[in-house]
Amino acid sequence: AYTMRKSAIKLRKCLRRIGLSESGAASVEFVIVFPFFVGVFLSAFDVAMMNIRAVMLERATDTVVRAIRLSSGADLDYDVVMADVCNAAGLIPDCMNTLRIELVRLNGSNWNGLQHRPDCVARNNPIKPLVKFKNGQQNEMMLIRICAVVDPIFPGIGVGRTMPKDASGGYQVIATSAFVNEPQ
């Protein structure tokens, strides 16, 4: 019993010494604060990539619209236009399989606006529906809307966790432009 009591006293003194020691104080603060800063950094990177992809898709849309507008009502091939957009956009992964383009004529006298939701690729659905894609004639008003479905870089952290996603886990990047086909 004496040795047990002596051991308990030594243990209590040792624990008290550890409890009063300040040698690990910085480590505790680091462990508490570091995950917050990593989350902010990764969220900022995710937001930057989202913005870069949106800007690149807008630029690609403008480039392709110029070519379409100057074609003056020529028949367009959907796959060629998509390849042009993908080449100009650059930062959209698997672009040919995640991009969908709508090209529709606008009736100036009976304008009823855009449909609420853009026609985007459903990556988890292997069936590919028909796409509205028909160029107008000379002097006709046209609307092009391009939708790409892209995965966030860090889907489980910060912005990547809270952004609205479709059933496949991707978010939509949409670019829209209106133009008038040039006369010949």
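Predicted model: local features only at pLDDT ≥ 70, side-chain atom pairs only at ≥ 80, totals over all residues.
Student: What joins cysteine 120 to cysteine 147, and what is the S to S distance?

Tutor: The general idea comes before the case. A disulfide is a covalent bond between the sulfur atoms of two cysteines. Here a disulfide joins cysteine 120 to cysteine 147, with an S to S distance of 1.7 Å. Both cysteine 120 and cysteine 147 are buried.

Student: How many disulfides does the structure hold?

Tutor: The structure holds two disulfides. Besides the pair already described, cysteine 86 and cysteine 95 form a disulfide, with their sulfur atoms 2.0 Å apart.

Student: Is the disulfide of cysteine 86 and cysteine 95 left-handed or right-handed?

Tutor: The torsion about the S-S bond of cysteine 86 and cysteine 95 is about -85 degrees, so this disulfide is left-handed.

Student: Why do cysteine 86 and cysteine 95 count as buried?

Tutor: Burial is judged from relative accessible area, and the cut-off for buried is under 20%. Cysteine 86 counts as buried because its relative accessibility is 13%. Cysteine 95 counts as buried because its relative accessibility is 8%.

Student: What is the pairing when the bonded cysteines are numbered in sequence order?

Tutor: Numbered in that way, the bonded cysteines of the protein have the pairing 1-2, 3-4.

Student: Where is aspartate 94 found, and what is the value of its phi?

Tutor: Aspartate 94 is found in the loop between α3 (78–89) and α4 (95–98). The phi of aspartate 94 is near 50 degrees, a positive value in a residue other than glycine.

Student: How many helices and strands make up the secondary structure of the protein?

Tutor: The protein has five helices and three strands. A list of the elements from the N terminus on gives their order, which is α-α-α-α-β-β-α-β.

Student: Which residues does leucine 42 touch, not counting residues up to four places away in sequence?

Tutor: Excluding such sequence neighbours directs attention to the fold of the chain. Leucine 42, which lies in helix α2, touches Phe154 and Ile157 when residues up to four places away in sequence are not counted. The C-alpha atoms of leucine 42 and glycine 160 are separated by 9.0 Å, and these residues are 118 residues apart along the chain. Leucine 42 counts as buried because its relative accessibility is 14%.

Student: Where is the place of serine 43, and which residues does serine 43 touch?

Tutor: Serine 43 also has its place in helix α2. With residues up to four places away in sequence left out, serine 43 touches Ile157, Gly158 and Val159. Serine 43 is buried, with a relative accessible area of 12%.

Student: Is valine 150 buried or exposed?

Tutor: Valine 150 is buried, with a relative accessible area of 2%. The place of valine 150 is in strand β2. Not counting residues up to four places away in sequence, valine 150 touches Arg53, Ile92, Pro93, Gly170, Tyr171 and Val173.

Student: What share of the contacts with a separation of 6 or more comes from residues 24 or more positions apart?

Tutor: Residues 24 or more positions apart account for 76% of those contacts in the protein. As for burial, 30% of the 184 residues count as buried.

Student: Which residues make the nonpolar surface patch?

Tutor: The patch of about 600 Å² is made by Val28, Ile32, Val33, Phe36, Phe37 and Val40. Among them, valine 33 is found in helix α2 (residues 25–70). Valine 33 is partly exposed, with a relative accessible area of 37%. The protein exposes about 12200 Å², and carbon and sulfur atoms supply 60% of that area.

Methods
Residues numbered from 1 in each chain as written. Heavy atoms only, no water. Patch = residues over 30% accessible without salt bridge, like charges linked within 9 Å, V, L, I, M, F, W, Y side chains within 5 Å. Areas by Shrake-Rupley, 256 points an atom, 1.4 Å probe, with all protein chains shown as cover. Salt bridge = Lys/Arg side-chain N within 4 Å of Asp/Glu carboxyl O. Helix = DSSP H or I, 4+ residues; strand = E, 2+ residues; numbered from the N terminus. Buried < 20%, exposed > 50% of the residue type's maximum accessible area, 1.4 Å probe, protein only. Disulfide = S-S within 2.5 Å. Contact = heavy atoms within 4.5 Å.
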